[in-house]
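Dear colleague,

I am handing over the structure we spoke about, and below it you will find an account of what turned up when it was examined. Please read the text with the structure open beside you.

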Amino acid sequence: MYVHDFSSGGTASKDLLGGKGAGLAEMTSLGLPVPPGFTISTDACRAYLAGGDLPDGLWEEVEAAVGRLETRTGRHFGEGAGPPLLLSVRSGAKFSMPGMMDTVLNLGITDPVTARLAAWSGDEHFAWDAHRRFFQTYGKVVLGVPGDSFEEVLTELRDARGVADDSKLTTGDLEAAARRFAAITAEAAEPVPADPWEQLYAAVVAVFRSWNGRRARSYRRIHRISDSLGTAVNVQMMVFGDLDDSSGTGVCFTRDPATGEAVPYGDYLPNAQGEDVVAGIRNTLTLDELASRHPGHHAHLLKVMGRLERHYRDMCDIEFTVERDKLWILQTRVGKRTARAAVRIATNMVAEGLIDQREAVLRVDADSLVQLLHPSLPKDVAEPPLARGVPASPGAAAGAAVFDADLAETWAAAGRRVILVRAETTPDDIHGMAAAVGILTSHGGKTSHAAVVARGMGTPAVTGTAALAVDAEARVAVVDGHTIAEGDIVTIDGTSGTVYGRAIELVEPEATVELDELLAWADAYRRLGVRANADTPRDAAAAVRWGADGIGLARTEHMFLGDRLPVVQQLIMDADGPGGRAALEELRKLQAADFAALLEAMDGRSVIVRLLDPPLHEFLPDPHDLEREGAAPDYVAKVEAWQETNPMLGLRGVRLGLVFPDIYRTQVRAALDAVQARLDAGGDPRLEIMVPLVADAEELHRVRLMIDDEIAAASAAAGRDLDVPVGAMIETPRAALTAREIARDATFFSFGSNDLTQMTYGFSRDDAEERFIRRYLDDGVLARNPFETLDRNGVGRLVRIATVEGKTARPRLVAGICGEHGGDPESIRFCHEAGLDYVSCSPPRVPVARLAAAQAAIGEAASTSSV
Ligand code: PEP
Ligand code: MG
């Protein structure tokens with residue numbers, strides 16, 4: 001069975017009915033006023049996509065369902081007498097994909113039906129408006145005619161009539177629009193069928209096909225939704241918010257989707273249909289304004305909101321329509337929200353007794369927490385904003401204004417921060433929205449496309465900036481005489497809805513009470529430790545602020561750069577001479593101070609110092625530059641001798657430590673000096689030393705002897721045993737495969753998953769993403785970028801082998817991960833399952849990792865208890 005009436009009362013599975021379909025069935029069973037209809041299941045979509053045709057029996061089921069709808073409503077679909085039954089047809093996948101496909105409205109209209117509609121409503125104006133809307137939506141959605149072709153006609157008619165709003169056009173204008181729309185579709189694609197059944201058939205097929213459309217695929221890629229789910233189709237009796245001024249349509253949320261505050265939030269548009277609200281073409285009224293116009297409907301709506309929120313135990317997003325004296329609820333789903341709102345709603349709902357702490361921890365998308373770490377505007381911006389709009393998606397952003405999505409993508413790919421500026425956005429802008437650091441529109445409220453999509457992406461957005469006149473063709477926007485040209489820097493604040501015509505330095509984010517509360521709950525569930533990758537006292541302080549248990553990776557490269565570069569160069573060029581020795585001594589003192597500052601910032605928490613890793617020549621000048629500058633030929637030759645063809649596979653990591661032992665010795669000595677200094681100051685330094693890029697146990701063994709030597713000397717000088725664990729980075733496949741041998745000299749393992757991914761795939765870290773990974777992702781060669789999400793089957797297998805064998809050889813071996821994957825929720829889940837002890841990530845991702853680690857632990861508990 002493919003077709004399920006909303007009223008059939010079975011289990012409302014989102015897998016089968018899609019999110020919208022399941023919501024409609026559930027609302028119907030709650031007794032809410034839902035226009036009747038039915039859902040064609042995702043099974044039917046999958047069958048269509050597999051076979052290229054509607055599956056056997058589906059159409060007969062649809063015909064029967066329409067028949068039941070006629071009986072229930074007393075209206076007739078297609079030819080016949082009496083009130084006409086018009087339908088809306090819309091897609092609805094398991095996960096909501098805003099803007100994936102627009103709705104076909106008023107399906108079933110033909111000329112005779114229009115006359116019957118006029119008779120039923122007593123309003124010819126409305127009937128022709130419904131007629132033209134059908135052609136417009138069918139033309140766009142089913143036939144793929146560009147929406148602009150229809151908009152141009154409407155603009156022409158409005159201008160001729162001197163009105164700003166379609167509802168002010170005359171009946172004759174609307175009939176003319178309908179006729180011209182019919183001509184446009186016939187010319188651009190094919191005529192709209194005069195048979196309502198054929199219309200319905202084509203609309204159903206169009207929904208199925210839309211699943212594989214460009215914008216749907218790109219949405220799924222961005223939001224990591226599986227391509228194999230398919231979409232359901234919802235066919236529902238039309239109700240008319242555009243019947244007259246006492247009717248209208250709106251969208252509401254049971255709590256504020258931007259802040260999470262427990263007050264209903266919504267937009268209402270009188271005399272309009274749903275698409276008008278979402279498109280943001282006209283400015284909407286608030287729920288308070290609805291209350292003053294229609295107190296009865298408002299009260300009823302509040303009741304429905306309360307009912308739905310208690311039912312779903314979550315914030316709901318509801319579409320409703322007022323048709324004269326009746327309130328209809330068109331659909332509901334768990335509402336999209338910003339990360340700030342998600343955290344607030346989850347913690348508030350625990351306080352309200354709606355959900356428990358475990359549920360709250362699961363409710364918040366871990367990745368989205370980075371949104372909370374968005375910068376904000378400083379409190380003391382002196383000048384008033386250039387313009388104000390709707391605060392649609394929080395956070396502030398500064399960047400170059402661009403007026404189309406393609407250019408936004410191009411500039412962003414070239415490393416520029418861009419703000420996408422549009423009158424309004426459409427699903428065709430999705431790639432530009434994903435590339436932009438901020439979105440600014442002149443139209444639309446908090447439920448407009450721009451707002452919904454920006455919140456989903458966690459990108460700051462200001463919408464409905466009425467004073468902003470955007471001229472995308474001329475590539476300028478004008479506000480009160482101030483012109484923003486393409487490339488000009490603007491700053492937007494999606495928290496307050498303000499826009500500034502210059503770059504403003506933003507303030508770094510702080511934790512909120514709610515976030516701290518949620519993360520404290522998460523800490524009680526997680527088994528994985530969470531450390532930070534931090535090299536400076538400033539990063540270390542941030543790591544502590546975000547709740548890191550320690551530093552999992554302190555890269556020491558920066559200690560060799562900047563002012564110190566000449567000293568380092570002297571060291572390399574005169575390795576065995578007096579200049580080299582003097583340079584080493586100087587470097588030791590400088591590094592000791594660096595290490596002491598780091599240990600102080602992390603007092604009482606472990607700090608893993610990684611010995612120098614990058615290729616040596618990175619510290620040397622470019623020989624071509626030297627030649628041009630007329631340097632001595634023997635100096636140039638010496639520098640040239642250090643150049644490598646494949647530096648990433650060359651003299652770096654532990655190899656450097658064995659070829660230039662004094663460099664590692666000096667680093668170790670400096671770190672031990674720092675420990676001594678901290679002990680003298682009464683601190684609690686927890687130094688650990690890590691050796692990078694080990695490929696053979698013998699490499700580690702030799703370096704280890706040297707390090708132990710230094711620790712013994714430092715202990716003797718201190719008159720006490722210094723306990724400094726020494727470990728190996730596992731970042732070459734060979735190290736992973738010989739973990740048993742490596743564990744003999746390693747107290748801990750730290751998986752350098754960046755290098756391990758590079759070397760397992762043979763993909764250059766520096767070049768692959770730019771050269772071909774994007775392409776691979778677009779073409780589906782790769783489902784995920786392995787530098788972002790750890791590849792379970794290959795790299796992950798190496799991690800598992802090394803963890804099991806390392807821990808077998810040395811039962812107390814501590815194993816962690818410190819590549820970029822340490823901050824990625826899905827990779828964190830893998831680390832939990834693989835039995836690692838901790839993950840280490842950049843400081844702002846520490847909250848993400850704490851939450852993801854808890855979710856992994858809860859997920860595991862749930863799956864074992866259900867076995
Ligand atoms: C790694 O390779 O994963 C790692 C953490 O080291 P780096 O990125 O410094 O090479
Ligand atoms: Mg590495």
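Two strands are taken to pair if DSSP finds at least two bridges between them. With that in mind, strand S13 (residues 396-402) and strand S20 (residues 489-493) run antiparallel and are joined by 5 bridges. Please keep throughout in mind that this is a predicted model.

To stay with S20 for a moment, the bridge that links Ala400 to this strand has Ile489 as its partner. S20 also pairs with strand S21 (residues 498-500), again in the antiparallel sense, over 3 bridges, and here Asp493 has Thr498 in S21 as its bridge partner. S20 and S21 together make a hairpin with 4 residues between them, and in the turn Gly497 has a positive phi of about 80°. Is S20 mostly covered, or mostly open? The strand is mostly covered, since 4 of its 5 residues are buried.

The chain as a whole

The secondary structure of the protein chain comes to 34 helices and 29 strands. Its radius of gyration is 32 Å, close to the 29 Å that the globule rule gives for 867 residues, so the chain is as compact as a globular protein of that length. Along its principal axes, the C-alpha trace spans about 105 × 65 × 50 Å. Of the 867 residues, 55% count as buried, and the accessible surface comes to about 34,800 Å², with 50% of that surface belonging to carbon and sulfur atoms. Among contacts with a separation of 6 or more, 69% are between residues 24 or more positions apart.

One open sheet has 5 strands in the order S1-S2-S5-S3-S4, with antiparallel pairing. Strand S1 (3-5) and strand S4 (104-107) stand at its edges with a single partner strand each, so one side of each has no neighbour in the sheet. On average, and with direction ignored, neighbouring strands of this sheet are turned by 25° against each other. Helix H1 (residues 14-29) packs on the sheet, where it touches S1, strand S2 (37-40), S3 and S5, and the direction of H1 makes about 125° with that of S3. Helix H3 (residues 58-73) lies across S1, S2, S3 and S5, and runs at about 165° to S2. Within the sheet, strand S3 (residues 87-93) and strand S5 (residues 231-237) pair in the antiparallel sense over 7 bridges, and Val89 has Val235 in S5 as its bridge partner.

Strand S6 (residues 248-253) and strand S7 (residues 265-270) pair in the antiparallel sense over 6 bridges, with Phe253 standing opposite Tyr265 in S7.

The magnesium ion

Which residues are the protein donors of the magnesium ion (ligand 2)? They are Glu731 (OE) and Asp755 (OD), which lie 2.1 to 2.2 Å from the ion. Glu731 lies in the loop between strand S26 (726-730) and helix H28 (733-737), while Asp755 is in helix H30 (residues 753-761), so the pair ties together parts that are 24 residues apart in sequence. Glu731 is buried, with a relative accessible area of 2%, and Asp755 is buried, also with a relative accessible area of 2%.

Helix H30 also holds Asn754, which counts as buried because its relative accessible area is 9% and the cut-off for buried is under 20%. Leaving aside neighbours within four places in sequence, Asn754 is in contact with Arg555, Arg765, Phe787, Gly819, Glu820 and His821.

A loop residue

Finally, Val437 lies in the loop between helix H17 (430-435) and strand S15 (438-441). If residues up to four places away in sequence are not counted, Val437 touches Ala397, Ala398, Arg417, Val418, Ile419, Thr459 and Pro460. The C-alpha atoms of Val437 and Ala160, which are 277 residues apart along the chain, are separated by 40 Å.

With best regards

Technical notes. Residues are numbered from 1 along each chain as its sequence is written. Chains are lettered from A and ligands numbered from 1 in the order in which they are written. This is a predicted model: local features need pLDDT of at least 70, side-chain atom pairs count only at pLDDT 80 or more; totals for chains, interfaces and linings use all residues. Side-chain values use heavy atoms; hydrogens and water are left out. Helices (H or I, at least four residues) and strands (E, at least two) are DSSP runs, numbered from the N terminus. Axes are lines fitted to C-alpha atoms, for helices over the stretch in contact, and angles run from 0 to 180 degrees between N-to-C directions. Contact means heavy atoms within 4.5 Å. The radius of gyration is taken over C-alpha atoms; the globule rule is 2.2 Å times the number of residues to the power 0.38. Buried means under 20% relative accessible area, exposed over 50%, partly exposed in between (1.4 Å probe, protein chains only). Accessible areas come from the Shrake-Rupley method with a 1.4 Å probe; for residues, only the protein chains shown count as cover. Donors are N, O and S atoms within 2.8 Å of the metal (3.2 Å for Na, K and Ca); water is not among the atoms, so sites may look incomplete.
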